[in-house]
Amino acid sequence: MRVVRSTEIELPVLKELIKNLAEYYFIQLSENQIQMYAEDLLEMGSDLALQAAKKYRLSTSKTSFPLPANLKQTVRFHSNTYLKVG
């Protein structure tokens, strides 16, 4: 079961993850792009998003900045996965 904390807690963590991914892949993102990307990952929760990002980075076939859907696919995330809100 995955746990998603409140938006106020999750969004800053997700935004930091996205900024780090952009830096890793040498990509410039606007604040608006970062916000939208974080909102797209919000349903995953930051713990699972961090896990997905690490797994994506370590893959030898993944050499470009991922879209949110790529990260979700990396950990086989589906929005109907059981959720516990903490």
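The legends below describe close-up views of a predicted model.

Local features need pLDDT of at least 70, side-chain atom pairs count only at pLDDT 80 or more, and totals for chains, interfaces and linings use all residues. Residues are numbered from 1 along each chain as its sequence is written, and side-chain values use heavy atoms, with hydrogens and water left out.

**View 1. Helices H1 and H3.** H1 spans residues 7-24 and H3 residues 46-58; helices are DSSP runs (H or I, at least four residues) numbered from the N terminus. Their axes come within 10 Å and cross at roughly 10°, which makes H1 roughly parallel to H3 (an angle under 35 degrees). Axes are lines fitted to C-alpha atoms over the stretch in contact, with angles from 0 to 180 degrees between N-to-C directions.

**View 2. Residues between H1 and H3.** Glu 10, Val 13, Leu 14, Leu 17, Leu 21 and Tyr 24 of H1 meet Ser 46, Ala 49, Leu 50, Ala 53 and Arg 57 of H3 (contact: heavy atoms within 4.5 Å).

**View 3. The largest nonpolar core.** This core has 22 residues, a set of buried Ala, Val, Leu, Ile, Met, Phe, Trp, Tyr and Cys joined through side-chain atoms within 4.5 Å (buried: under 20% relative accessible area, 1.4 Å probe, protein chains only). H1, H2 and H3 each give two or more residues to the core, and H1 gives the most, with 6. Tyr 37 is among the residues with the most contacts inside the core. Beyond neighbours within four places in sequence, Tyr 37 contacts residues including Ile 18, Leu 21, Phe 65 and Leu 71.

Terms used: Parallel < 35°, antiparallel > 145°, perpendicular 65-115°, else oblique. Buried < 20%, exposed > 50% of the residue type's maximum accessible area, 1.4 Å probe, protein only.
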